[in-house]
Structure formats: C-alpha cells, structure tokens
Amino acid sequence: QVQLVESGGGLVQAGGSLRLSCAASGTIFAVTAMGWYRQAPGKQRELVAAITSGGSTNYGDSVKGRFTISRDNAKNAVYLQMNSLKPEDTAVYYCNAAAILLLKPIDYWGQGTQVTVFS
C-alpha cells in the first residue's frame with residue numbers, strides 16, 4: 001500500500017502562483033512514477049503532470065510552460081509549481097502514484113486538494 005497526503009491548495013487570483021506538495025509513505029519501492037491529475041466539476045479527471053523515478057516528465061498540453069513538476073526521492077515527495085494560473089485551472093488536484101506490485105500495475109490516489117483561481 002502507498003499512502004499519499006497532499007497540501008498546498010487554495011484560492012489565488014489569476015496570474016498568481018501556488019505550489020502543491022504530495023508526501024508518499026508505505027510501499028515506496030514499488031512506485032515507478034508520481035504525478036498530478038485534476039478534475040473540474042462536470043469534467044473528466046485529466047493528467048496535469050507526471051514524473052518517473054528516473055526524472056522524466058510529462059505535462060498536459062494546457063499547463064505546458066506554466067507548471068513544473070519536481071520530485072525529492074529522499075523525502076518521497078512530489079511537487080507541482082503552478083505559475084500564471086488561469087480560472088480554467090480551477091479544479092480538485094489529486095496526487096497519483098503509479099506502482100507495480102506482484103507484477104501488476106496499480107494506481108494510488110491522494111484525497112485531493114482544491115485549487116480555485118479567480119479573475
């Protein structure tokens with residue numbers, strides 16, 4: 001099992017910045033990648049950014065150039081620096097850990113943190 005605890009969400013004016021943090025605990029050795037997803041009301045959950053254990057990153061098209069994902073392996077933590085925020089970035093942001101246990105892929109999710117961007 002992997003437990004994920006997020007922090008850092010909140011209310012911010014358009015153009016501002018926020019930094020999300022996610023701390024992982026449990027069966028960390030099984031985790032191959034960590035990332036952030038978001039879900040706005042009435043919409044499907046979508047990838048924001050992901051980073052592998054080797055440091056390779058992947059971003060959703062709508063956040064490229066504005067958001068940066070980083071990882072601290074020593075702290076088992078992943079961060080999302082969000083700059084130039086827009087009202088359309090408003091959503092619940094979920095931390096994700098992709099793991100392989102007993103040769104089977106499994107996803108773990110945090111409880112979510114609300115990000116609200118007002119104009």
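This is a predicted model: local features need pLDDT of at least 70, side-chain atom pairs count only at pLDDT 80 or more; totals for chains, interfaces and linings use all residues.
Modeller: Residues are numbered from 1 along each chain as its sequence is written, and side-chain values use heavy atoms, with hydrogens and water left out.

Colleague: Why is Arg-38 called buried?

Modeller: Buried means under 20% relative accessible area, exposed over 50%, and partly exposed in between, with a 1.4 Å probe and protein chains only. Arg-38 has a relative accessible area of 6%, so Arg-38 is buried. The residue lies in strand β4, residues 31-39; strands (E, at least two residues) and helices (H or I, at least four) are DSSP runs, numbered from the N terminus.

Colleague: What makes the link between Arg-38 and Glu-46 a polar contact?

Modeller: A polar contact is a pair of N or O atoms within 3.5 Å; within protein, one must be able to donate a hydrogen and the other to accept it, and residues adjacent in sequence count only if both atoms are side-chain atoms. The side chains of Arg-38 and Glu-46 meet at 2.7 Å, and those of Arg-38 and Asp-89 at 2.9 Å. Both pairs are polar contacts.

Colleague: Which other residues does Arg-38 touch?

Modeller: With contact meaning heavy atoms within 4.5 Å, and residues up to four places away in sequence not counted, the list includes Val-48, Phe-67, Ala-91 and Tyr-93.

Colleague: How do you know that Tyr-37 and Trp-109 form an edge-to-face pair?

Modeller: Rings of Phe, Tyr and Trp (its six-membered ring) pair if their centres lie within 6.5 Å; planes under 30 degrees apart count as stacked, over 60 as edge-to-face and the rest as tilted. A search of the whole structure finds one aromatic pair. In that pair, Tyr-37 and Trp-109 are 5.1 Å apart centre to centre with 75 degrees between the planes, which is edge-to-face. Tyr-37 lies in β4 and Trp-109 in β10 (residues 104-109), so the pair ties together parts that are 72 residues apart in sequence.

Colleague: Are these two residues buried, exposed or partly exposed?

Modeller: Tyr-37 has a relative accessible area of 24% and is therefore partly exposed. Trp-109 stands at 36% and also counts as partly exposed.

Colleague: What makes Arg-45 a charge over a ring?

Modeller: A charge sits over a ring if NZ of Lys or CZ of Arg is within 6 Å of the ring centre and within 35 degrees of the ring normal. The charged end of Arg-45 is 4.6 Å from the centre of the Trp-109 ring and sits over that ring. Arg-45 also lies over the face of Tyr-94, at 3.8 Å from the ring centre.

Colleague: Why are β7 and β8 said to pair?

Modeller: Two strands pair if DSSP finds at least two bridges between them. Strands β7 (residues 67-72) and β8 (residues 77-82) have six bridges in the antiparallel sense, and Thr-68 has Gln-81 in β8 as its bridge partner. The two strands form a hairpin with four residues between them, and Asn-76 in the turn has a positive phi of about 55 degrees. Lys-75 is in this loop and, at 59% relative accessibility, counts as exposed.

Colleague: What makes the largest nonpolar core a core?

Modeller: A nonpolar core is a set of buried Ala, Val, Leu, Ile, Met, Phe, Trp, Tyr and Cys residues joined through side-chain atoms within 4.5 Å. The largest has 31 residues, and Leu-4, Trp-36 and Tyr-93 are among those with the most contacts inside it. Its largest share, five residues, comes from β9.

Colleague: Why is Leu-103 called exposed?

Modeller: Leu-103 has a relative accessible area of 82%, so Leu-103 is exposed. The residue lies in the loop between β9 and β10, and its phi is near 70 degrees, a positive value in a residue other than glycine.
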